[in-house]
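Please keep the viewer open as you read.

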Amino acid sequence: MSAYLSNPQIWQESWDRQQEAFLPDREERFAAMLSAVAATTDGPAPRVLDLAGGTGTISLRTLARFPQARVTVLDQDPVLMAIATASLRDRGHIVDADLSDPGWRAKLPEEGFDAVLTATALHWLPAERVATLYGEIREVLRPGGIFVNADHMPEESLPTLSERLRDHGRAEREARYAAGAAIGWGDWWALAAADELLAPKAIERERIYPKTRHAQEWNPPALWHVDALRVAGFSEAGVLWRGGTDAAVVGLR
């Protein structure tokens with residue numbers, strides 16, 4: 001298979017539409033992340049690590065805002081990494097690494113990043129691994145660098161409202177699927193598996209991710225993440241952005 005897909009933009013658009021069915025305010029969290037990068041970085045070329053970056057969604061938006069940025073996408077999913085490679089070409093590094101393995105840092109092309117950014121990815125890891133990972137992430141940042149994690153992080157002081165927001169979002173999503181306005185998670189992966197160039201990567205993905213591996217998500221409230229960042233040694237930690245039952249927490253090294 002060629003290192004580059006024939007038309008990666010189509011797959012990027014397809015991935016975006018599928019993800020936006022789950023996260024209607026997806027672009028808002030990315031904008032908040034990049035505003036934090038702009039506020040904490042000197043010069044036009046921030047060094048950004050797109051952690052568990054999939055198709056390179058965050059990296060592409062970083063380059064659109066900071067054309068001289070140096071981006072690194074780290075992931076393990078062969079399908080998503082193939083799309084990221086085709087999309088970024090020579091504008092960024094692609095790193096194949098498993099965040100459940102403490103040795104992931106050794107695969108990076110550099111350290112001293114201005115920012116490490118991740119979105120809707122770390123909820124597949126158990127609590128003890130996330131807490132340890134936060135300390136490892138701190139070590140790849142330069143002094144004054146930031147880490148931002150946007151994910152499902154309910155507000156623990158609003159349990160009733162949070163439940164209603166989740167139910168409302170689920171109903172709207174199912175209506176969009178029924179009307180053909182959006183494609184579901186499983187259907188997107190079926191399309192990827194049927195694509196001539198992505199099919200071999202889909203087979204490889206099945207070996208890496210047995211169906212039982214992603215059976216359980218872990219979504220603690222934002223306060224858990226803030227406390228874990230402080231324990232990991234970040235000098236400041238707090239909520240950068242919130243949208244319903246999702247939030248982005250930030251840690252400053």
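How many bridges join E6 to E7, and do these strands run parallel or antiparallel? There are 7 bridges between E6 and E7, and the two strands are antiparallel. Before going further, a word on conventions: residues are numbered from 1 along each chain as its sequence is written. The model is predicted, so local features need pLDDT of at least 70 and side-chain atom pairs count only at pLDDT 80 or more, while totals for chains, interfaces and linings use all residues, and side-chain values use heavy atoms, with hydrogens and water left out.

**The sheet**

Strands (E, at least two residues) and helices (H or I, at least four) are DSSP runs, numbered from the N terminus. Two strands pair if DSSP finds at least two bridges between them. With that in mind, the open sheet has 7 strands in the order E3-E2-E1-E4-E5-E7-E6, and its pairing is mixed. Strand E3 (92–96) and strand E6 (236–243) stand at the edges with a single partner strand each, so one side of each has no neighbour in the sheet. On average, neighbouring strands are turned by 15 degrees against each other, direction ignored; the axes behind such angles are lines fitted to C-alpha atoms, for helices over the stretch in contact, and angles run from 0 to 180 degrees between N-to-C directions.

| Strands | Sense | Bridges | Partner residues |
|---|---|---|---|
| E1 and E2 | parallel | 5 bridges | Leu 49 and Thr 72 |
| E6 and E7 | antiparallel | 7 bridges | Trp 241 and Ala 248 |

The hairpin of E6 and E7 has 2 residues between the strands, and Gly 244 there takes a positive phi near 60 degrees. As for E2, 5 of its 6 residues are buried, so this strand is largely enclosed by the rest of the structure. Buried here means under 20% relative accessible area, exposed means over 50%, and partly exposed is in between (1.4 Å probe, protein chains only).

**Helices across the sheet**

Helix H3 (residues 57–65) lies across strand E1 (47–51), strand E2 (70–75) and strand E4 (113–119), and runs at about 175 degrees to E2. Helix H5 (residues 127–140) lies across E1, E4 and E5, at about 140 degrees to E5. The UniProt record, an unreviewed entry, places the annotation "domain: Methyltransferase" on residues 48–145; its positions are given in the numbering used here, feature names are shortened, and annotations may be inferred rather than shown by experiment. Over residues 48–145 the chain is 35% helix and 28% strand, with the end C-alpha atoms 10 Å apart.

**Helix H4 and its surroundings**

H4 is mostly covered, with 10 of its 11 residues buried. Its buried residues pack against helix H1 (8–22), H3, E2, E3, H7 and helix H8 (199–208). Contact means heavy atoms within 4.5 Å. Leaving aside neighbours within four places in sequence, Leu 80 is in contact with Trp 15, Gly 54, Thr 55, Trp 188 and Trp 189.

Thr 55 sits in the loop between E1 and H3. This residue counts as buried at 1% relative accessibility. Beyond its neighbours within four places in sequence, the contacts of Thr 55 are Gln 12, Trp 15, Leu 60, Leu 80, Ile 83 and Ala 84.

**The aromatic cluster**

Which residues form one aromatic cluster? They are Trp 11, Trp 15, Trp 185, Trp 188 and Trp 189. A search of the whole structure finds 9 aromatic pairs. Among them, Trp 185 and Trp 189 are edge-to-face, at 5.6 Å centre to centre with 65 degrees between the planes. Rings of Phe, Tyr and Trp (its six-membered ring) pair if their centres lie within 6.5 Å; planes under 30 degrees apart count as stacked, over 60 as edge-to-face and the rest as tilted.

Both Trp 185 and Trp 189 lie in helix H7 (residues 185–194), 4 residues apart, about one turn of the helix. Trp 185 is partly exposed at 38% relative accessibility, whereas Trp 189 is buried at 12%. Arg 205 lies over the face of Trp 189, at 3.7 Å from the ring centre; a charge sits over a ring if NZ of Lys or CZ of Arg is within 6 Å of the ring centre and within 35 degrees of the ring normal.
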